[in-house]
Amino acid sequence: MKNPVYAKIVEDIRNKVNSGELKAGDDLPSETALCKEYDTSRMTVRKGLSILSNEGYIYSVPGKGYFVEKPQYNKYTIYYDEMNNLINNVDNTKLLAVDITKPSERLVNSLQIHKNKKVVMIRRLFYTEGEPMAYDIKYLLYQKGIPIVEAEIKHATLPEMISKNISLFAMKKEIMIHAKIPQEKTKKLLNISDDLALLVVEQKLYDNNNKPMGIGITYFRGDYIKLQGVSQ
């Protein structure tokens with residue numbers, strides 16, 4: 001089956017950028033020139049250019065045309081699931097507590113809520129082959145009248161906990177990763193006797209109006225987690 005003309009435009013320009021024939025900042029032929037070159041309509045040309053723009057290959061300047069975008073060489077996509085990583089999977093979860101509480105000042109700012117608004121705090125321990133590998137805390141907006149089913153949250157990730165209220169596809173996700181020496185309480189939970197650094201992963205989820213819906217903080221033992229990022 002023959003590819004549509006817009007796909008041909010996308011493929012040709014993409015190949016020229018990837019091969020170095022077109023470099024960052026170079027201008028593309030005008031829409032009129034592309035219509036003539038591919039013997040097609042302006043609508044078809046614009047569809048191809050729109051795809052290239054969404055893929056990050058080009059950008060437009062009103063009144064001037066289209067230009068090759070500077071590549072994002074320092075941009076990576078990290079695949080993160082608190083239950084699974086490159087070297088370990090959670091095979092058992094212990095639910096420590098589910099509490100409805102007033103938020104701290106930090107949570108008030110992070111979740112953009114009133115100080116009297118209640119939140120649900122969920123605390124869990126993750127295990128791998130009988131060994132505690134991570135201490136996990138989740139903060140969700142409390143919704144009166146909606147029951148908290150402990151069996152459902154015991155093994156759920158943060159997006160899965162929130163997906164009852166919004167589609168997974170509509171969520172915006174933010175992640176921050178840093179190292180931290182654990183407090184005594186956390187050391188005891190994770191059976192740490194020395195100052196082994198923890199890898200702390202903080203997640204924040206937003207709805208399609210950019211309003212925070214929940215926060216997750218997971219403290220991983222440094223010898224039980226490995227994350228990977230790939231360029232797009």
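**Close-up views of a predicted model**

Y80 has a relative accessibility of 17% and therefore counts as buried (buried is under 20% relative accessible area, exposed over 50%, partly exposed in between, with a 1.4 Å probe and protein chains only). The model is predicted: local features need pLDDT of at least 70 and side-chain atom pairs pLDDT 80 or more, while totals for chains, interfaces and linings use all residues. Residues are numbered from 1 along each chain as its sequence is written, and side-chain values use heavy atoms, without hydrogens and water.

**View A. The rings of Y59 and F67 are stacked.** Three aromatic pairs turn up in a search of the whole structure. In the pair of Y59 and F67, the ring centres are 5.8 Å apart and the planes meet at 25°, which means that the pair is stacked. (Rings of Phe, Tyr and Trp, the last by its six-membered ring, pair if their centres lie within 6.5 Å; planes under 30 degrees apart are stacked, over 60 edge-to-face, the rest tilted.) Y59 is partly exposed, at 31% relative accessibility, whereas F67 is buried at 17%.

**View B. The rings of Y80 and F220 meet edge-to-face.** Their centres are 6.3 Å apart and their planes stand at 85°, so the pair is edge-to-face. The two residues are 140 residues apart and link distant parts of the chain: Y80 is in the loop between strand 3 (77–78) and strand 4 (92–101), and F220 is in strand 9 (residues 212–221). (Helices, H or I and at least four residues, and strands, E and at least two, are DSSP runs numbered from the N terminus.) F220 is buried, with a relative accessible area of 0%.

**View C. Two lysines sit over tyrosine rings.** The charged end of K47 lies over the ring of Y6, 4.2 Å from the ring centre. K172 has its charged end over the ring of Y206, at 5.1 Å from the centre. (This requires NZ of Lys or CZ of Arg within 6 Å of the ring centre and within 35 degrees of the ring normal.)

**View D. D136 is buried in strand 6.** This strand covers residues 131–141, and D136 has a relative accessible area of 0%. Its side chain makes a polar contact of 2.6 Å with the side chain of T218. (A polar contact is a pair of N or O atoms within 3.5 Å; within protein, one must be able to donate a hydrogen and the other to accept it, and residues adjacent in sequence count only if both atoms are side-chain atoms.) Leaving out residues up to four places away in sequence, D136 touches I122, R123, R124, F126, I217 and T218 (contact means heavy atoms within 4.5 Å).

**View E. Helix 2 has its buried residues on one face.** In this helix (residues 31–38), E31, L34, C35 and Y38 are buried. Seen down the helix axis, they fall within an arc of 105°, so they line one face (the arc is that of the directions from the axis to the C-beta atoms). Their cover includes helix 1 (5–19), helix 3 (42–54) and strand 2 (65–68). After the helix comes D39, with a positive phi near 50°.

**View F. T40 is in the loop between helix 2 and helix 3.** Residues up to four places away in sequence aside, T40 touches V5, C35 and V45. T40 and Y6 are 34 residues apart along the chain, with 8.9 Å between their C-alpha atoms.
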